[in-house]
Amino acid sequence: MIARVCYRVTGNSVAPSGRRGIGTTDGNRAIPLHRLRKFRIDRGLRRLAADRRGTAVIELALALPILTVFLFGILSGGSWLAMSHVVQESANEGARAALAGITAAERATLASQAASQTLARSYGIRSENVSLNVEDDGRQLTVKITYDGSANPLLKLPIMPAATTVIRRQASVVLAGF
């Protein structure tokens with residue numbers, strides 16, 4: 001026969017009941033030792049499962065790297081789109097301004113000046129990184145602009161680099177006839 005040691009639970013204290021049975025005569029119940037251990041573990045697990053302190057910190061630790069990558073991607077992609085738009089707009093302005101010229105040299109000068117002024121009003125685009133080419137065959141004038149943004153810090157973000165650092169855009173206008 002295996003002896004079972006029982007404990008009497010009184011308030012928050014547990015004391016040996018002195019009996020081997022299930023209960024005592026004074027109304028307190030004696031709990032077998034193996035049930036007492038299970039009760040303490042279950043109560044601790046329930047308390048731990050109900051405790052919500054620190055969940056926000058854990059969720060932030062899991063979500064912050066992903067949000068950081070998204071933020072750098074938005075910043076890098078938006079900067080590239082803005083610079084691409086500025087380069088295209090300068091080519092458009094150069095082609096529009098060239099329509100006022102009479103000779104090919106005058107049209108090339110007007111196109112270069114207008115494109116350079118548009119680029120100078122933009123952010124982050126330096127004139128030494130821009131290549132401007134005006135092609136004029138007498139019927140059609142094409143302004144080609146190439147911007148090398150390899151030195152631009154907005155296009156060299158560490159997590160999400162830009163698709164390309166060289167932006168090429170062109171705009172054409174018809175000079176005579178259709």
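Ala91 is found in helix α2, which covers residues 55-98 of this predicted model. With a relative accessibility of 0%, Ala91 counts as buried, since the cut-off for that term is under 20%. Leaving aside its neighbours within four places in sequence, Ala91 is in contact with Val143, Ile145, Arg169, Gln170 and Ala171. Ser172 is 81 residues away from Ala91 in sequence, yet the two are 8.5 Å apart in space, C-alpha to C-alpha.

The strands come next. Three of them, in the order β4-β5-β6, form an open sheet with antiparallel pairing. Because β4 and β6 (166-174) stand at the edges and have a single partner strand each, one side of each is left without a neighbour in the sheet. From one strand to the next, the twist averages 10°. Between β5 and β6 the antiparallel pairing runs over 9 bridges, and Tyr147 has Ile167 in β6 as its bridge partner.

Two helices lie across these strands: α2 lies across β5 and β6, running at about 25° to β6, whereas α3 lies across β4 and β5, running at about 150° to β4.

Helix α3 (residues 104-120) has 17 residues and reaches 24 Å from its first C-alpha to its last, close to the 24 Å expected at 1.5 Å a residue. In α3, the residues Arg107, Ala111, Ala114, Ala115, Thr118 and Leu119 are buried. Seen down the axis of α3, these buried residues fall within an arc of 135°, so they line one face of the helix. Their cover includes α2, β4 (130-136) and β5 (140-148), while on the other side of α3 the residues Ala105, Gln117 and Ala120 are exposed.

Definitions and conventions
Residues are numbered from 1 along each chain as its sequence is written. This is a predicted model: local features need pLDDT of at least 70, side-chain atom pairs count only at pLDDT 80 or more; totals for chains, interfaces and linings use all residues. Side-chain values use heavy atoms; hydrogens and water are left out. Helices (H or I, at least four residues) and strands (E, at least two) are DSSP runs, numbered from the N terminus. Buried means under 20% relative accessible area, exposed over 50%, partly exposed in between (1.4 Å probe, protein chains only). Contact means heavy atoms within 4.5 Å. The expected span of a helix is 1.5 Å times one less than its number of residues. The arc is that of the directions from the helix axis to the C-beta atoms. Two strands pair if DSSP finds at least two bridges between them. Axes are lines fitted to C-alpha atoms, for helices over the stretch in contact, and angles run from 0 to 180 degrees between N-to-C directions.
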